[in-house]
Every structure is written in structure tokens, then in C-alpha cells.
Amino acid sequence: MNDITMRLQADHLIMEALKEDISSEDVTTNSVMKEAVRGEVELICKQDGIIAGLGVFRRVFELLDDQMEITFFCEDGDEVKKGEKMGLLRGDIRVLLSGERVALNYLQRMSGIATYTRDVAKLLAGSKTKLLDTRKTTPNMRIFEKYAVRVGGGYNHRYNLSDGVLLKDNHIGAAGSVTKAVQMAKAYAPFVRKIEVETENLDMVKEAVEAGADIIMLDNMPPEEMRKAIALIDGRAETECSGNVTKENIERLTSLGVDYISSGALTHSAPILDISLKNLHAV
């Protein structure tokens with residue numbers, strides 16, 4: 001995440017997280033630290049994984065004190081090992097204590113997503129299929145979670161509802177049919193927007209192809225039915241598999257040859273990566 005994106009899209013979210021954690025004051029820190037004392041603390045990895053979110057971690061402390069000095073010994077996307085010293089923070093001990101939890105929450109969450117995504121992406125190695133995330137993200141965390149997916153080797157599906165046309169079952173129900181929904185989307189949406197249709201059976205697939213959909217999602221179909229659907233589409237649209245895809249069951253889809261497999265689990269089910277700030281002392 002570059003500096004411009006951080007300032008424009010992330011700073012206000014980080015500030016809200018800090019305000020959530022410090023509504024008026026950090027009463028514990030203010031009890032034991034009456035005045036500014038310079039100190040340092042180490043950023044330690046407690047679990048093997050992929051690191052993501054170091055820039056966000058840094059930004060938490062910079063928003064509290066722009067004099068904070070932070071040195072990292074790794075970068076986003078690196079494999080880190082249990083016990084590895086990943087960074088060193090120097091500055092006002094009060095800031096180190098008050099910013100610790102929010103900074104670690106971001107770093108642990110984002111690194112957990114990157115680690116889980118890397119594990120799933122490895123299962124698609126050697127195929128043409130790209131691994132996609134979804135909009136099943138934590139509210140107000142999407143920019144961070146989707147960035148972590150990219151760090152882990154996945155790709156982003158549309159960022160939000162303004163980003164592309166995806167006609168799901170309820171949109172099709174509202175329009176009256178797949179054909180009508182696609183026609184309406186083509187009439188309304190800018191021509192640069194691709195139109196994706198979610199299908200649940202072969203009849204819907206056939207209708208989506210004939211209506212001129214750009215991407216056809218095969219949602220919650222058995223693998224053999226997906227195989228028939230891909231043959232029916234026959235390259236006339238890009239293909240995406242979806243429906244409760246996890247690290248444990250994605251292998252059933254890897255031989256299908258679809259263009260994309262989307263998985264909400266990348267963001268909604270990834271466990272955090274255990275990371276701590278340790279050995280705080282005055283300098």
C-alpha cells in the first residue's frame with residue numbers, strides 16, 4: 001500500500017480504530033508514565049507465515065507521534081519464522097504503549113490473510129486459474145484485507161458495488177430473468193464495465209451465454225456439472241467457480257480449467273498470525 005493510498009484511503013480508518021481504543025485517554029499508560037521517556041521495543045514473530053501490513057503498522061504510530069522511529073528487517077510478502085525479530089521501534093514510551101494493540105491488530109489480521117491466501121494459491125500453482133477474493137470482508141477493513149490477499153498471491157475481485165456488474169440470484173429475480181438482467185445491465189452500465197452473471201444450473205448458463213455475459217460464475221454446482229457448464233460455454237465467456245471454497249476443498253476444482261476461483265474464506269476465515277511487541281525498555 002503506497003503512501004498516497006495510505007493517506008487518502010486508510011488514515012481516517014486507522015484514526016477511527018485509535019479513537020475506538022482511546023476514547024479519552026490511555027489511563028493505564030498515564031498511570032505509570034507521567035512524562036515522556038524515550039524507549040524501544042522489538043517486533044517479534046511468534047508463528048511461521050507471510051507478513052503483510054507493515055506500512056499500516058507503522059502508520060498507527062506515526063499518526064500518534066510523527067517523531068516515532070521504526071526500522072523493519074523484513075517487508076510485506078516475506079516469509080517469516082517463529083522467533084524472528086522483524087523490527088525495532090524507538091520513541092516516546094507512552095506512544096509505544098498506547099498504539100501497540102491497534103497496530104498489532106492490523107498486522108496480525110493482514111498477515112493471517114496473506115498466509116492463508118498463500119497456502120490456497122499454492123494449490124493452484126501450474127494452472128491458468130487465478131484465485132480471487134470477494135466482498136465478504138470485515139466492515140471498514142476492506143482496503144486492508146484486499147491488500148493482504150494480493151500480498152499472499154491472490155487477486156482482487158471487484159472492490160465494491162461501484163466497481164463492476166455482478167448479477168446475482170436476487171438481481172436476476174428482480175429483473176425477471178437472466179436475459180432481461182443482462183440486457184438492462186448493458187443498457188445502463190458504462191461499456192467499459194464487464195458484466196458477470198451468477199448461475200446455479202445449466203439452463204442459467206445457457207441463457208447467460210446467449211445473452212452475451214462477459215463472465216459466468218458457476219455457483220455451488222457439483223464439479224461434474226461445472227465441467228458440463230464449461231464445455232457449454234466453450235470459451236464464449238470467462239468462467240469463475242464459487243461457493244464455500246476453502247483450503248480444504250479447493251482441490252476438487254483445480255482440474256476444471258476455469259479462469260477464476262473465488263473464495264470468501266480468504267478474508268472471512270483466515271486466522272491471525274501471532275505477532276507481538278516485546279522487550280520494551282527505556283533508552
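This is a predicted model: local features need pLDDT of at least 70, side-chain atom pairs count only at pLDDT 80 or more; totals for chains, interfaces and linings use all residues.

Student: At what angle do the axes of H4 and H5 cross?

Tutor: Roughly 40 degrees, and the axes of H4 (residues 93-122) and H5 (residues 142-151) come within 7 Å. H4 is therefore oblique to H5 (angles under 35 degrees count as roughly parallel, over 145 as roughly antiparallel, 65 to 115 as roughly perpendicular, the rest as oblique).

Student: Which residues of H5 make the contact?

Tutor: Phe144, Glu145, Tyr147, Ala148, Val149 and Val151. From H4 come Tyr106, Arg109, Met110, Ile113, Ala114, Thr117 and Arg118. Contact means heavy atoms within 4.5 Å.

Student: How many of them are charged?

Tutor: Three are charged, nine nonpolar and one polar. Asp, Glu, Lys and Arg count as charged, Ala, Val, Leu, Ile, Met, Phe, Trp, Tyr, Cys and Pro as nonpolar, and the others, Gly among them, as polar.

Student: New topic. How do the axes of H8 and H9 cross?

Tutor: H8 (residues 202-211) and H9 (residues 223-233) cross at roughly 20 degrees, with axes that come within 10 Å. That is why H8 is roughly parallel to H9.

Student: What meets what there?

Tutor: Leu202, Val205, Lys206 and Val209 in H8 meet Glu225, Lys228, Ala229, Leu232 and Ile233 in H9. Six of these residues are nonpolar, three charged and none polar.

Terms used: Residues are numbered from 1 along each chain as its sequence is written. Side-chain values use heavy atoms; hydrogens and water are left out. Axes are lines fitted to C-alpha atoms, for helices over the stretch in contact, and angles run from 0 to 180 degrees between N-to-C directions. Helices (H or I, at least four residues) and strands (E, at least two) are DSSP runs, numbered from the N terminus.
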